[in-house]
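Here is a short note for a reader who has not seen this structure before. Please keep the model open while going through the points.

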Amino acid sequence: MEFEDRCLKVQEPKFDCLLFGKPPLAFLQKCRRQLLSCFCSFLLLPSSSASSRNAKGSDLFVPADLDDTLYPLSSGISSHVKKNIEDYMVEKLGIDESKIENLGNLLYKNYGTTMAGLRAIGYSFDYDEYHAFVHGRLPYDNIKPDPVLKHILKNLRIRKLIFTNGDMVHAVRALQRLGLEDCFEGIICFETLNPPCPPQGDEEPVIFDIAGHFARSGTADELPKTPVLCKPNVDAMEEALRIANVNPHKAIFFDDSVRNVQAGKEIGLHTVLVGKSQRVKGADHALESIHNIREALPELWEEAEKAEDVLYAERVAIETSVTA
Ligand SMILES: [Mg+2]
């Protein structure tokens, strides 16, 4: 290898991005209409500043999940989400209460999210209404400000993104509660990947009997496809990274879901399972808490510092040549 090539290789940061799971409410509401009319883009936060970029500006990436990743499961938010989804299925879709638990489990297991499953088996509903029902009533006060995580993220001078299956307003509210709204360059959320649900016609929808299907065949073969794009669908994840201009081979993906982490690994991401102390297949690291990020991944800070050193050396060289 030639000397110059070796130098370039040494200077080239290993990771481009940290991918996490949410953004500021007022800002999101202001941008909502604009965002909804522009699905080919992801939400850029007003805080995307030099502090969230490394010296090369676009090399290292950290995409990360939000719920139960940036705040702990003990907040109880996820159990409220589950309850609200079940209430939506009964109150808005008219599903028999006795079938909810089994149906919800089957949909979540086979489609990644209950919502994606509901659309697959034939239900049609307004996505904004669904999200308002499921997330709009959450006890956001349970999510506490996290100045320790803020300090960690602010000192991690590489590009950081939220990558959540949740909707934009939820992502913003949760980030605001955490006090992390200025720590991320942008948000990849439900609206980034999914256009509005087409309006339902006058005809009664035909609902696929997924419980009956499994009772008869016991396999997931020949299940109807969902029109909803979300993690852990690898096509959805690749599309999200393409929209955000993230090279998966230079990004570290943080998520509390084993399925999402394994899908991330499949598309080439370096992966970190959050909330578990034991690594699983597909996870390069396991962190009991996101607060352990620096101890587990010291190379992230080393890479960022190395890139800053290169930038500093370049600036000095330019200034020296200008003043000489
Ligand atoms: Mg999560």
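1. Val272 touches Ile252, Phe253, Phe254, Ala283, Asp284, His285 and Leu287, with residues up to four places away in sequence left out. Contact here means that the C-beta atoms of two residues, placed from the backbone, lie within 7 Å.

2. The model is a predicted one: local features need pLDDT of at least 70, side-chain atom pairs count only at pLDDT 80 or more, and totals for chains, interfaces and linings use all residues. Residue numbers start from 1 along each chain as its sequence is written.

3. The protein chain holds 14 helices and eight strands. These are DSSP runs, numbered from the N terminus (helices are H or I with at least four residues, strands are E with at least two). Of the 324 residues in the protein chain, 40% are buried. A residue is buried if 20 or more other C-beta atoms lie within 10 Å of its own, exposed if 12 or fewer, and partly exposed in between, with C-beta atoms placed from the backbone.

4. Val272 is also among the residues that touch the most other members of the largest nonpolar core, together with Ile162, Ala171, Ile188 and Ala240. That core has 66 residues, and helix 8 supplies its largest share, seven residues. A nonpolar core is a set of buried Ala, Val, Leu, Ile, Met, Phe, Trp, Tyr and Cys residues joined through C-beta atoms within 7 Å.

5. Arg177 is also found in helix 8. Arg177 counts as buried because it has 21 C-beta neighbours inside 10 Å. Apart from neighbours within four places in sequence, Arg177 is in contact with Tyr140 and Ile143. Asn142 is 35 residues from Arg177 along the chain, and their C-alpha atoms are separated by 8.8 Å.

6. Which residues of helix 6 (residues 127-135) are buried? They are Tyr130, Val134 and His135. They cover an arc of only 100 degrees around the axis, so they lie on the same side of helix 6; the arc is that of the directions from the helix axis to the C-beta atoms. Their cover includes helix 3 (77-91), helix 5 (114-120) and helix 8 (168-178).

7. The axes of helix 4 (residues 100-111) and helix 10 (residues 210-217) come within 9 Å and cross at roughly 75 degrees. Helix 4 is therefore roughly perpendicular to helix 10. Asn102, Leu103 and Leu106 of helix 4 meet Ile210, Ala211 and Phe214 of helix 10 in this contact.

Note on methods
Axes are lines fitted to C-alpha atoms, for helices over the stretch in contact, and angles run from 0 to 180 degrees between N-to-C directions. Angles under 35 degrees count as roughly parallel, over 145 as roughly antiparallel, 65 to 115 as roughly perpendicular and the rest as oblique.
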